[in-house]
Amino acid sequence: MPTLLSPEEIATQGAPDASPNRLPSPHVFAGRAERLRKLAEGHAMADFLAFAARLADAQQTLLDRLGPTAPPDEAQLRRCRQHGMPPLDAHGAQLPADWTSVLHDLATAVVPHAPAGLQNAIAALPDFPQERLAALARAILRGDEDLSNPIELALAPLIGASLQVLWASRALGLATSDIPAGFEGGQCPACGAPPVASIVRIGDAGHGVRYATCSLCACEWHVTRIKCVPCQNTRGIAYQGLEGAAGPAHPGVKAETCPECQASLKIVSMETDPAVDAFADDLATLALDMLVDEAGFHRAGRNLFLFLP
Ligand SMILES: [Zn+2]
Ligand SMILES: [Zn+2]
């Protein structure tokens, strides 16, 4: 007879017996698009979420066309496992040769539905210096982009979406055993990028197991519950949600706040709402970021559809 675990035991149990890392679904962007369309219904930011859904649809079409990218060679994979280095390193990586064709294909697919600022930026794309575009893409991969130029600010989510397609394709070329195991930190063990949010899963990964979801390659890595992902602190962790007139406004999403590093990372729970998606539900709960920001916490999650000047 199976043993039932108490909520406390579930919350503190370690990684599942299988790999602590999960590869993205080959249909990751289609899943996001579907969730974004659902979240857009009656939402104060309905137009933004509906456009994000169209962009995610276009990402899926491109990922289907690309399929999995061939993995790094075995010697490189072995070195990465031995030294705990991400095999698809985003920080120092060269841009894949086909990256601008992915960008142009995404732009063509979404331009009829894009907001005016992005339509103008897409119109300017053919004359935009290639080396500036590449420099911006590399800065986005490193997380230190300067978006003072309005055209670059408008193009950033499209570049972010292109990089997500390319890195998801590369992640799909890996086996879970190619990704270094045993890391619970704030960087994806497959590509080194920060998480968009974290997710408590149900079903195949075991009930109540929490993963951080990569903002770039969509891999997931196991992280302990009630523990700050950026700094690993376990003391004074608190949770904040959005309240509506008739109770919790978005019950599947909470912001986990840490008094040590003042970071806030969202946790979306399939236990509360089986349809949650870390990326989509993050975009739909920006009001929660404002709430925790007012309380003095900074956002630790990175969402590549979301850029500020
Ligand atoms: Zn990653
Ligand atoms: Zn912390």
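V229 sits in the loop between β4 and β5. Helices (H or I, at least four residues) and strands (E, at least two) are DSSP runs, numbered from the N terminus. This is a predicted model: local features need pLDDT of at least 70, side-chain atom pairs count only at pLDDT 80 or more, and totals for chains, interfaces and linings use all residues. Residues are numbered from 1 along each chain as its sequence is written, chains are lettered from A and ligands numbered from 1 in the order in which they are written, and side-chain values use heavy atoms, with hydrogens and water left out.

- V229 is buried, at 3% relative accessible area. Buried means under 20% relative accessible area, exposed over 50%, and partly exposed in between (1.4 Å probe, protein chains only).
- Beyond its neighbours within four places in sequence, V229 is in contact with E184, G185, G186, R210, V223 and L265. Contact means heavy atoms within 4.5 Å.
- A300 is 71 residues from V229 in sequence, and their C-alpha atoms are 8.8 Å apart in space.
- I226 lies in this loop too. Its phi is positive, near 55 degrees, in a residue other than glycine. I226 is partly exposed, with a relative accessible area of 41%.
- Q232 is also found in the loop between β4 and β5. Phi of Q232 is near 70 degrees, a positive value in a residue other than glycine. With a relative accessible area of 32%, Q232 is partly exposed.

**Zinc ion (ligand 2)**

- The protein donors are C228, C231, C258 and C261, each through SG, and they lie 2.3 to 2.4 Å from the zinc ion (ligand 2). Donors are N, O and S atoms within 2.8 Å of the metal (3.2 Å for Na, K and Ca); water is not among the atoms, so sites may look incomplete.
- The four donor atoms subtend angles of 106 to 114 degrees, which makes the arrangement tetrahedral. Four donors count as tetrahedral if all angles lie between 85 and 135 degrees; four count as square planar and six as octahedral if opposite donors are over 155 degrees apart and all others between 65 and 115; anything else is irregular.
- For reference, ideal angles at a metal are 109.5 degrees for four tetrahedral donors.
- Along the chain, the donors of the zinc ion (ligand 2) follow the spacing C-x2-C-x26-C-x2-C.
- C228 lies in the loop between β4 (220-222) and β5 (238-240), and C261 in the loop between β8 (253-257) and β9 (263-269), so the pair ties together parts that are 33 residues apart in sequence.
- C228 counts as buried at 5% relative accessibility, whereas C261 is partly exposed at 25% relative accessible area.

**Zinc ion (ligand 1)**

- Its protein donors are the SG atoms of C188, C191, C214 and C217, lying 2.3 to 2.4 Å from the zinc ion (ligand 1).
- The angles among these four donor atoms run from 97 to 118 degrees, and the site is tetrahedral.
- The donor spacing along the chain is C-x2-C-x22-C-x2-C.
- C188 counts as buried at 2% relative accessibility. C191 counts as buried at 0%.

**Domains**

- The protein chain is divided into domain 1 (24-177) and domain 2 (185-299). These bounds come from an automatic or database domain assignment.
- Their C-alpha centres lie 21 Å apart. The contact takes 24 residues from domain 1 and 22 residues from domain 2.
- An unreviewed UniProt entry annotates residues 22-178 as "domain: FdhE N-terminal". UniProt positions are given in the numbering used here, feature names are shortened, and annotations may be inferred rather than shown by experiment.
- Residues 22-178 are 64% helix and 1% strand, with end C-alpha atoms 11 Å apart.
- The UniProt annotation "domain: FdhE C-terminal" (unreviewed entry) covers residues 226-306. That stretch is 19% helix and 26% strand, with end C-alpha atoms 26 Å apart.

- Helix α7 (residues 130-142) has 13 residues; at 1.5 Å a residue it should span 18 Å, and its end C-alpha atoms are 18 Å apart, which agrees. The expected span is 1.5 Å times one less than the number of residues.
- In α7, L133, A134, L136, A137, A139, I140 and L141 are buried. The buried residues of α7 pack against α5 (99-110) and α8 (150-172).
- G143 follows α7 and has a positive phi, near 80 degrees.
- D57 lies in helix α3 (residues 46-66) and is partly exposed, with a relative accessible area of 29%.
- Leaving aside neighbours within four places in sequence, D57 is in contact with A33 and R37. The C-alpha atoms of D57 and A30 are separated by 5.8 Å, at 27 residues apart along the chain.
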